[in-house]
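Welcome, and do keep the viewer open while you read. This report walks through domains, pockets, helix packing and backbone details.

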Amino acid sequence: MSSENRPHPDTASVSSGHDPTRHLGSLKPPIYETSTFTFETAEQGKRFFELAYGFDRPGEGEEPGYIYSRLDSPNMRPAEARLAVWEEAEDSAIFNSGMAAIATVLLSFLTPGDLVVYSLPAYGGTVTLMSGLLADVGVVTRSFRADAGLDDLEALVGGDRLAMVYLETPANPTNDLFDIELAARLAERHQARLVVDNTFLSPVWQKPLLHGADLSLHSATKYLGGHSDLTAGAVCGGTEDIAALKHKRYQIGTTPSPATGWLLARSLETLRLRVERQTENATRLAGFLDSHEKVETVSHLSLLQPGDPRHDVYKRQCLGPGAMISFELVGGEAESFRFLDSMRVVRLATSLGGTESLASHPWTMSPPTVPDQEKRSIGVTPGLIRLSVGIEDVRDLTADLEQALAAI
Ligand SMILES: *Cc1c(COP(=O)(O)O)cnc(C)c1O
């Protein structure tokens, strides 16, 4: 879908979705902190409702007007336009959190009796939705691991009505890679939707729609927001699916606030700069950790070697290794805690993708719904540290890890 008349994301992300001539010449989008919009005439109000609720399509040059900020607001459009360019999508919709985006996707496209197959490991909140909310509304869910082939996936589906294949790749917290093209073949055979959580790599390094996904979604709280100062979600895909999601969004109120939309549009201007620098830093730190005697294993996509089947998926599907590292210390929870408590530059916090480096302990710092045995089976052990690498000077980060490793 990348065509010559589409601007490059680096160009579009600094200006698209905002026309200064329609905002008193304001170079940057102003924040519209208002819950509602006045109509010039009753006739205009009627027309805006017709368009918003899909009773009619806009005529030539006609733009749908604003009605009420739960439906749509001027601060959502710049971020949505920029994201669509990044993901090479027809359209996109933003939400008030990543979970709101995921929940709106599930509620929009599933009905009781449907089957969803989803990848594990995955973000804890996602697993909770899959095994909790969906079961409550009569949707059957089954999980699979990264080594599942097409035959394994067919066996998992059995004779059931597969409506959605849901991937998170690379997966939280271990960087497990799932093959989007393989999942697309399964989805296509069953006329199911393929949804990919693209949070970990961001569209800078992975564009799932180009590999057969129908929807690419994000916790925009992470790399897209990039400054740990907002919570938001985003979904990119085809015009019809996104229209359905926007409809559901205003029905259930998973709409972001004007301030959130504004911050997100601002953040998207520097997406590549931040993610490239974070990735450069992470690649250096992964190499450092990999050769350290107190570190048992390191998972960062830059360390995948030719001959490893994951390397083949990486080459086909990813444009860069991203900035999430997970590594296992020699030892268990006590050693992990000593390491985490000794860090001075890297902050001890959950979340990821911000300008600052953060470390967390997935064994103890994730929703308590997953039993220990299951955690171990997906690679989450008491010695595992998850590191989200920021934009700081890499020498300071290396020195910090070095002294914290010395302290365990
Ligand atoms: C954080 C995260 C989510 C949930 O997003 P929120 O913005 O916290 O609601 C979903 N998927 C992944 C991979 C995440 O890291």
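## Ground rules and domains

Domain bounds here come from an automatic or database domain assignment. For the protein chain that assignment gives domain 1 (9-34 + 69-268) and domain 2 (271-406). Taken over C-alpha atoms, the centres of domain 1 and domain 2 are separated by 24 Å. Their contact (heavy atoms within 4.5 Å) takes 38 residues from domain 1 and 41 residues from domain 2.

A word on provenance: this is a predicted model, in which local features need pLDDT of at least 70 and side-chain atom pairs count only at pLDDT 80 or more, while totals for chains, interfaces and linings use all residues. Residues are numbered from 1 along each chain as its sequence is written, and side-chain values use heavy atoms, with hydrogens and water left out.

## The largest pocket

A pocket is an open set of points on a 1 Å grid over the protein atoms alone, where a 1.4 Å probe fits and protein lies on both sides within 12 Å along at least five of seven lines; its lining residues have an atom within 4 Å of a point. Grid points are joined across faces, edges and corners, and the volume is the space filled by probe spheres set on the points. The largest pocket holds about 1500 Å³ of space. It is lined by 43 residues, and those closest to its centre are Glu63, Pro64, Asp72, Arg77 and Lys246.

Which elements give two or more residues to this lining? They are α2 (42-52), α3 (77-87) and α9 (239-252), where helices (H or I, at least four residues) and strands (E, at least two) are DSSP runs numbered from the N terminus. The largest share, eight residues, comes from α9. By class, the lining divides into 22 nonpolar, eight polar and 13 charged residues; Ala, Val, Leu, Ile, Met, Phe, Trp, Tyr, Cys and Pro count as nonpolar, Asp, Glu, Lys and Arg as charged, and the others, Gly among them, as polar.

## The second largest pocket

About 610 Å³ of space lies in the second largest pocket. Of its 40 lining residues, Ala122, Tyr123, Gly124, Gly125 and Asn172 are the closest to its centre. Two or more lining residues come from each of α4 (98-109), α5 (124-136), β6 (215-219) and α14 (372-377), and α5 gives the most, with four.

This lining has 17 nonpolar, 17 polar and six charged residues. Both domains take part: at least three residues are drawn from each of domain 1 and domain 2.

## Two helix pairs

Axes are lines fitted to C-alpha atoms, for helices over the stretch in contact, and angles run from 0 to 180 degrees between N-to-C directions. The crossing is left-handed, a term for a near helix turned anticlockwise from the far one by less than a right angle, with right-handed for clockwise. Pro78, Ala79, Arg82, Leu83 and Trp86 in α3 meet Gly261, Leu264, Ala265, Arg266 and Leu268 in α10. That contact has seven nonpolar, one polar and two charged residues.

α4 and α5 cross at roughly 35 degrees, and their axes come within 11 Å. Here the crossing is right-handed. From α4, Met99, Ile102, Ala103 and Leu106 meet Gly125, Thr126, Leu129, Met130 and Leu134 of α5.

## Backbone details in one loop

The loop between β4 (162-168) and α7 (180-189) contains Pro170, and a cis peptide bond joins Thr169 to Pro170, with omega about -10 degrees. Pro173 lies in the loop between β4 and α7 too; a cis peptide bond joins Asn172 and Pro173, with omega about -5 degrees. Asn172 is also among the residues closest to the centre of the second largest pocket.

Asn175 is found in this β4 to α7 loop as well. Although Asn175 is not a glycine, it has a positive phi of about 65 degrees.
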